[in-house]
Amino acid sequence: MTMHTSADPVRRRSKPIHGTKLRKLFQFKYVLLYPAGIYFVTTGTYFLYWLVRTSFLQMTARTIRDPPFVGFANYSRVLNSSTLRTAFGNTVLYYVLISVTLQILLGFCLALLFNKLTMGRAQGWVLAVLFIPAMMAQYGVALIWNLLLNTELGLLNQIARSLGMEGQRWLGNPQGAVFATIMVNVWQFTPFVFIIMLGGLQTLPNEPYEAATVDGASALQKLLLITLPLMKPIFLIAIVFRVTDGFRLFDLVWGMTRGGPGTSTQTLTMTLYKEAFEMYDLGSASVVGVLLLFVIAIFASGLLKLLYSEAQE
Amino acid sequence: MSTIRKTPPIERSNDFMHLRHRMTRRNISRRAIEVVLFTILAVVVFLAIAPFLWTIAISVRSREMIFQRSLNLFAPIVLNNYRTMLSSSTFLSALFNTAIIATVSTVITMLLAAPAGYAMGRFNVGGKSLLLTVLSLRFFPVAIVIVPSYVFFSNVRMVDRLPALVIMMIFISLPLAIWIIRSFVVQIPAAYEESALTDGCTKLGALFRITIPMCSQGMVVAAIFPFVYAWNEFLIPLVLTRFRWTTLTVYSSIFITDHRVDWGSIMAVVTIMLIPIAIGVVIVRRYLMRGFAGGLK
């Protein structure tokens, strides 16, 4: 780094750079990437190598010192287990499809609603308050909602009882637990989606709308033919964020239900954790990890490719 | 940031009263819509923070008041939960640990992220593909690396020690920090640095004397997220700590036992966990919208 910084900048700049590839690597702008790059390449490759390697080993409490190679035994056992299928289904259906759809729809509708509202200086504060749920620890949120949904002491049931209704056992039955975890997930992240969407709406150009008004377009036509196409990149980025977070979900559901009752709210990450640190079968846990890696890589690369082609235009 | 579209120029008309009438009617309906929208907004904001307000309310309640079946929105304020908490050495060490882990990992994350974000923002190193790679690194669950990291850190006997936790915290927050710093550097015109270079400043000098001071606010915003991520993290300390480096999130579970749940203490811990979040959102509030929407530009 010092090699270039000590050189006279003016002379260096006026000289065209035509070095070998090796010299290019030591250019100032590439050197700047080294600290973060070296960190990520070393930790990333090391962890990935061990993840894949462990998935072929029988690594349990007894065999941790010298784990034997077992080929695809872990894979066939884990991929055929009904727990994993349930966890996969739960993650994809409840915490990705349903949760993300609700978050995106609600967030976009709220953003459309408040886009026309001039909040002036209050806007920053409103957004700050709305950003609190998304910034709060998911485990903390789980604890808060455990109390709110508590059968005896919870605020929701207390309100219901004071209105003369029956209290619900929210987290005690499978349907209630699934509903509650989805609801809390949507509660926590809809404001985040709303902020992204509002930011997108406020940067849209005015001209297409003016032209459409001249042509006599209705509000619905403007929404479908102008707003939605222009908002496509914003939608994509919000979906990428929320879908990948759906696959990562652990703290929230772990804190609320531990995956129960039964396996009704068990997620993929939770299966991984339970295999590794309750069954102490690190090989099987790594198989779940490899599966998660593949699923997210497919989703994220597909969505990012869409985003990339969008950004090119 | 006004989004009200320009009203079309009013047609010239001799019918002055008619015009005035139309304008006032439009004003009244616009005011009515505004009142309705502000009401909905107030409800939305209330729904977003009501659980936190309830958390704070419960944390200053006596045990007898918490364990009542009936609805009590207001109760006498009792600071017992905080008093026992602040006199408990396990709580204080958990608080201290969390603060240390978050601070150290934030400092290192920023030291790694600032040059990378600067290179990507100023020189467009790696172009869009590197940008999307960095973004996609953020999407992988920490659960994937938890088993390999556990194996590694147990082998080198670093479980329940600060370096292991910091290394993992950097892993989860570095991509977003790079992404945010880059989005701030892009907004600073390169002309400032170029004039510094022609005045005889070195490239590194231009970076430290011109660019970093100019995007110091951006640096603060970028530093908030690693801190909050480390502060909030649950899975990493759950797996990689035993008792020495327990963090607040893991510590809060000790009040849940099979026969009793001490909700007052839990809510007091959660309230304390909220404090940095509240400070963080106040600092990042101005950058919230353009941060995510403008990140791609």
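Trainee: Where is B:P148 placed?

Mentor: In this predicted model, B:P148 sits in helix α6 (residues 142–155) of chain B.

Trainee: Why does B:P148 count as buried?

Mentor: Buried means under 20% relative accessible area. B:P148 is at 1%, so the word applies. Leaving out residues up to four places away in sequence, B:P148 touches A:F47, A:W50 and A:L51. As for its own chain, the C-alpha atoms of B:P148 and B:V261, 113 residues apart along the chain, are separated by 34 Å.

Trainee: What makes B:T109 count as buried?

Mentor: Its relative accessibility is 0%, which is under the 20% limit, so B:T109 is buried. B:T109 belongs to helix α4 (residues 89–122) of chain B. With neighbours within four places in sequence set aside, B:T109 is in contact with B:I170, B:S173, B:L174, B:A177 and B:P226.

Trainee: How much area do chain A and chain B bury between them?

Mentor: About 9,500 Å², with 80% of it on carbon and sulfur atoms. On the chain A side, A:F40, A:F47 and A:M135 lose the most area to chain B, together 8% of what that side buries.

Trainee: What makes B:R138 and A:D245 a salt bridge?

Mentor: The cut-off for a side-chain nitrogen of Lys or Arg and a carboxyl oxygen of Asp or Glu is 4 Å. The closest N and O atoms of B:R138 and A:D245 are 3.9 Å apart, so the pair falls within the limit. Between chain A and chain B the count is 1 salt bridge. A:R242, A:D245, A:R248 and B:R138 are linked in a network of salt bridges.

Trainee: How many residue pairs are in polar contact between chain A and chain B?

Mentor: The count is 8, with both residues at pLDDT 80 or more.

Trainee: Why is the pair of A:Y46 and A:W50 called tilted?

Mentor: The ring centres are 6.4 Å apart, within the 6.5 Å limit for a pair.

Trainee: What makes the pair of A:W145 and A:W187 edge-to-face?

Mentor: Their planes are at 65°, over the 60 degree limit, and their centres are 5.4 Å apart, so the pair is edge-to-face. A:W145 is in helix α9 (residues 138–148) and A:W187 in helix α11 (residues 174–202), both of chain A, so the pair ties together parts that are 42 residues apart in sequence. A:W145 is buried at 8%, and A:W187 is buried at 14%.

Trainee: Which residues do ring pairs link into a cluster?

Mentor: The cluster holds A:Y39, A:F40, A:Y46, A:F47, A:Y49, A:W50, B:F152, B:F153 and B:F171.

Trainee: How do you know that A:R77 forms a salt bridge with A:D281?

Mentor: The closest N and O atoms are 3.0 Å apart, and the limit is 4 Å. A:R77 lies in helix α6 (residues 73–80) of chain A and A:D281 in the loop between α16 (268–277) and α17 of chain A, so the pair ties together parts that are 204 residues apart in sequence. A:R77 is partly exposed at 44%, whereas A:D281 is buried at 11%.

How values were computed
Residues numbered from 1 in each chain as written. Chains lettered and ligands numbered in written order. Predicted model: local features only at pLDDT ≥ 70, side-chain atom pairs only at ≥ 80, totals over all residues. Heavy atoms only, no water. Buried area = accessible area lost by both parts, 1.4 Å probe. Polar contact = N/O pair within 3.5 Å; in protein donor to acceptor, adjacent residues only side chain to side chain. Phe/Tyr/Trp six-rings, centres within 6.5 Å; stacked < 30°, edge-to-face > 60°. Helix = DSSP H or I, 4+ residues; strand = E, 2+ residues; numbered from the N terminus. Buried < 20%, exposed > 50% of the residue type's maximum accessible area, 1.4 Å probe, protein only. Contact = heavy atoms within 4.5 Å.
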